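Hi everyone, thanks for making time this morning. I'd like to walk you through one structure, piece by piece, so please have a look at it while I talk.

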Amino acid sequence: MSSAAAAAAAGSFFPSFQLLVCGSLVAAVLGAAYRLGLLYRLMHKVDTVSIQHGGESVAAVLRAHGVKFLFTLVGGHISPLLVACEKLGIRVVDTRHEVTAVFAADAVARLTGTVGVAAVTAGPGLTNTVTAVKNAQIAQSPVLLLGGAASTLLKNRGALQAIDQMSLFRPLCKFCASVNRVRDIVPTLRTAMAAAQSGTPGPVFVELPIDVLYPYFMVQKEMVPANPPKGLMGRAVYWYLENYLANLFAGAWEPRPEGPLPLDIPQASPQQVQRCVEILSRAKRPLVVLGSQALLPPTPASKLRAAVETLGVPCFLGGMARGLLGRNHPLHIRQNRSAALKKADVILLAGVVCDFRLSYGRVLSRSSKIIIVNRNRKEMLINSDMFWKPQEAVQGDVGSFVLKLVEGLQGQTWASDWAEELRQADQQKEKSFREKATMPVSQHLNPVRVLQLVEETLPDNSILVVDGGDFVGTAAHLVQPRGPLCWLDPGAFGTLGVGAGFALGAKLCRPDAEVWCLFGDGAFGYSLIEFDTFVRHKIPVMALIGNDAGWTQISREQVPFLGSNVACGLAYTDYHKAAVGLGAQGLLLSRENEDQVVKVLRDAQQQCRDGHPVVVNILIGRTDFRDGSIAV
């Protein structure tokens, strides 16, 4: 019986073992076929005669998302997408430095509420953009950066300009992806565009290797030998390359949705809004501080302005919220913010965080009730464990929250003496500026007086771009944007060199506006060469350079504290002549024509209206107006 049982067991084991082996072999074969793309290609065609290329897919997605401008510095890795964009009516604007292209895309994003797009070539083309991408991240600007790359086949094989670009941009971007097949271009770009605008907006990066952008016949020529080798190994390599090429283009031209995906924008709950209504309704000295997030879509600036006016609470405006209430609005308090925050009993921080700009929260009184609303919870609560504590922290879209808050407070009014007290403090500060404007300087022009005249001359249809330190810090107190979304500064990163890119994007977005750029002479060094760009593309902007021959904001502290002006000195360079050399117009303001400041500004305006970019080189003295209001 035992031998019969053993024979039966053996008889049942071997068929089971054979079945297991066969199953494993089938699974291995299917797995290999899947990895080699053979299964996908059973259902999806490889069009070997098509002259279409991946650049056309990129352009189609951009057009479907309403992109009107593509900023770039040309490179062979990205040529197909540039040509395709031009053919689809997307204006391709090439700059003289890649960082300018990204700054321009940033300006488009801020002014239009859509995604700004820049495309640069591989390797050094991309590394040149890092500062601008980081600036966009901190400023929360939805920017799409398209980067060229070496062929997917040559990854990690020492190809020209091939580096690990993904590792470089992952810390800077909300979304990073490398496209490895032509059919993945469209869905990847749609995902990237949605990610840039969802939640807290920010930059995204999509890497486009050269072999997913060029047409099949060109990639085949570069990738696969014209004549198959004869040896076994040679034939195996040849088959591998042909198979690799087929996988690259399989299903490439099948129809796919190209339009925008739904956005995920956080909203405050009705319960949170109601709690904030109750807190604010009991306030005696309420104060609102509005930041850039308040101007993000979906709330139009006009609706936000109407809501703030209906609310009737004095407010400070910062970042992209500058100009929301226009010029000289009675609710807009411009000076002495720290003192006002100390006196307020309820403070609404709307799109503002307690970083260095609010002394990490130390300017807030511990007896004040703080309501803070922001799309980003981590940033919203920064330093709340140290110097301040929110009564209500609301994660949600700022503009939508303000509209709901005002709706809940309908009919609520506050005593006028609080706003009047703040306005009187404003008037005192403005009086001190008027006194400073009359102070003599040892040489050249008084910068405060110059900026007062700029403020008087600035037209209602202007956009202000500011790029600099000492001169721009003074301008922030004296020159007022005329309306919402009419002020562009770098944001919390404090980046120098944004000027030309911001001006480029601003003028393209709003061709009927006058773009006035206020530069320090140090900062202008980054932007000078882009006047070649303005001339070539017929983009008339006006640059006013406060030229005091130095990095004065730094030397103000370095000299008295450390006793040396080392590395802080520049020259009274003839920037206006350099601009003329690039094909622009150049004007000079100095002690010799100080009584003609307004005339020179008007002349510059007229040159711009005639289609010419203009540089006004303003020689200013190194003032010693050091009460903290000039050098910021």
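Let me start with a question: at roughly what angle do the axes of helix H19 and helix H26 cross? Before I answer, please keep in mind that this is a predicted model. Now, H19 covers residues 447-457 and H26 covers residues 597-609, and their axes cross at roughly 50 degrees, coming within 10 Å. That angle is why we call H19 and H26 oblique to each other. Their crossing is right-handed.

Which residues do the touching? On the H19 side we have Leu453, Val454 and Thr457, and they meet Val597, Val598, Leu601, Arg602 and Gln605 of H26. Sorted by class, that contact has five nonpolar residues, two polar ones and one charged one.

Let's step back to the whole protein for a moment. You are looking at 632 residues, of which 53% count as buried. The protein has 26 helices and 17 strands. Along its principal axes, the C-alpha trace spans about 110 × 65 × 50 Å. And if you take the contacts between residues at least 6 apart in sequence, 76% of them join residues at least 24 apart.

Next, please find a sheet. In what order do its five strands come? The order is S8-S7-S9-S10-S11, the sheet is open, and the pairing is parallel. The edges are strand S8, residues 315-317, and strand S11, residues 392-395; each has a single partner strand, so one side of each has no neighbour in the sheet. Ignoring direction, neighbouring strands here are turned by 10 degrees against each other on average.

As a close-up, take strand S10, residues 369-374, which pairs with S11 in the parallel sense over four bridges. In that pairing, isoleucine 372 stands opposite alanine 393 of S11. A helix packs on this sheet too: H13 touches strand S7 (286-290), strand S9 (346-350), S10 and S11, and its direction makes about 140 degrees with that of S11.

H13 has a helix partner as well. In general, two packed helices are described by the angle between their axes and the distance between the axes. For H13 and helix H17, residues 398-408, the angle is about 55 degrees and the axes are 9 Å apart. H13 and H17 are therefore oblique to each other. H13 passes H17 in a right-handed crossing. In the contact, Val273, Cys276, Val277 and Leu280 of H13 meet Phe401, Lys404, Leu405 and Gly408 of H17. Those residues divide into six nonpolar, one polar and one charged.

Is proline 257 buried or exposed? It is exposed, with a relative accessible area of 57%. Even so, proline 257 has contacts beyond its neighbours within four places in sequence, namely with Val186 and Arg190. Have a look at alanine 64 too: proline 257 and alanine 64 are 193 residues apart in sequence, while their C-alpha atoms are 9.4 Å apart in space.

Strand S14, residues 514-520, runs parallel to S15 and is joined to it by five bridges. Strand S17, residues 614-619, pairs with S15 in the parallel sense over six bridges.

My last stop is helix H21, residues 499-509. Ten of its eleven residues are buried, so H21 is largely enclosed by the rest of the structure. Among the buried ones are Phe502, Leu504 and Leu508, and also Lys507.

That's my tour, and I'm happy to go back to any part of it.

How values were computed:
Residues are numbered from 1 along each chain as its sequence is written. This is a predicted model: local features need pLDDT of at least 70, side-chain atom pairs count only at pLDDT 80 or more; totals for chains, interfaces and linings use all residues. Side-chain values use heavy atoms; hydrogens and water are left out. Axes are lines fitted to C-alpha atoms, for helices over the stretch in contact, and angles run from 0 to 180 degrees between N-to-C directions. Helices (H or I, at least four residues) and strands (E, at least two) are DSSP runs, numbered from the N terminus. Angles under 35 degrees count as roughly parallel, over 145 as roughly antiparallel, 65 to 115 as roughly perpendicular and the rest as oblique. A crossing is left-handed if the near helix is turned anticlockwise from the far one by less than a right angle, and right-handed if clockwise. Contact means heavy atoms within 4.5 Å. Ala, Val, Leu, Ile, Met, Phe, Trp, Tyr, Cys and Pro count as nonpolar, Asp, Glu, Lys and Arg as charged, and the others, Gly among them, as polar. Buried means under 20% relative accessible area, exposed over 50%, partly exposed in between (1.4 Å probe, protein chains only). Two strands pair if DSSP finds at least two bridges between them.
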